[in-house]
Amino acid sequence: MIPSNFVPYLKEVISSYSSTSINVLVNGLDPSLLMTLDNSKKIVLYRTINELLVNMKKHSQCSLVVISFKKNKKYLEIEYSDNGGGIASDALILKNGLQNGKTVF
C-alpha cells in the first residue's frame, strides 16, 4: 500500500541509509515530479531505490551516495551514483536483483 505522503515517506526511507560513515544525498526530489505517477509506478520506484540502497550497504563500501531526480520531457529520470569501489566485470553474476539499464516512469 502506498502512503498518501509518498514523497516524505520516500525521503525518510532514503535517509535511513545514512550513517556516520555513509552520507546519502538526494537532489531534485520535488513532490510535483511524483504526484502524476500511478500507484504501481510508485511501488516500482520505491522497490528499485530500496534495492539500490540495500546493495550499496552490503557491497559498495562507499562513503557518499547521490540520488538525483530529474524531469526529462515526459519522463522521470533517476540517477544513482556512489564513490564505492565497484565490481570487476569478470566477477559479476547476473541472477536476481538489479541490472544496469533504464526503467521509464
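These are my notebook entries on one predicted protein model.

**Entry 1: confidence**
The average pLDDT of the protein is 86, and 84% of the residues reach at least 70.

**Entry 2: the layout**
I looked up the secondary structure and found 3 helices and 3 strands. Reading from the N terminus, I noted the order α-β-α-α-β-β. I also looked at contacts with a separation of 6 or more: 64% of them join residues 24 or more positions apart.

**Entry 3: the hairpin**
Next I followed E2 (residues 64-72) and E3 (residues 75-82). The two strands pair antiparallel, over 8 bridges. I picked one spot to look at across the pair, and there Ser-68 sits opposite Glu-79 of E3. The hairpin has 2 residues between its strands, and Lys-73 has a positive phi near 55° there.

Lys-73 made me stop, as its phi is positive although the residue is not a glycine. I wrote down its place, the loop between E2 and E3. Is Lys-73 buried or exposed? Its relative accessibility is 76%, so Lys-73 counts as exposed, the cut-off being over 50%.

I then found Gln-61, another residue other than glycine with a positive phi, near 55°. Gln-61 lies in the loop between H3 and E2. With a relative accessible area of 77%, Gln-61 is exposed too.

**Entry 4: the inside**
Which residues touch the most other members of the largest nonpolar core? I listed Leu-10, Leu-34, Leu-45, Ile-49, Leu-53, Val-65 and Phe-69, out of 22 residues in that core. At least two core residues come from each of H1 (6-15), H2 (31-34), H3 (39-60) and E2. H1 gives the largest share, with 5 residues.

I zoomed in on Leu-10. Leaving out residues up to four places away in sequence, I found that Leu-10 touches Leu-29, Leu-34, Leu-45, Tyr-46, Ile-49 and Phe-69.

**Entry 5: the outside**
Last, I checked the totals. The protein has 105 residues, and 25% of them are buried. Its accessible surface is about 7,500 Å², with 51% belonging to carbon and sulfur atoms.

Terms used:
Residues are numbered from 1 along each chain as its sequence is written. This is a predicted model: local features need pLDDT of at least 70, side-chain atom pairs count only at pLDDT 80 or more; totals for chains, interfaces and linings use all residues. Side-chain values use heavy atoms; hydrogens and water are left out. Two strands pair if DSSP finds at least two bridges between them. Helices (H or I, at least four residues) and strands (E, at least two) are DSSP runs, numbered from the N terminus. A nonpolar core is a set of buried Ala, Val, Leu, Ile, Met, Phe, Trp, Tyr and Cys residues joined through side-chain atoms within 4.5 Å. Buried means under 20% relative accessible area, exposed over 50%, partly exposed in between (1.4 Å probe, protein chains only). Contact means heavy atoms within 4.5 Å. pLDDT is the predictor's confidence in each residue, from 0 to 100. Accessible areas come from the Shrake-Rupley method with a 1.4 Å probe; for residues, only the protein chains shown count as cover.
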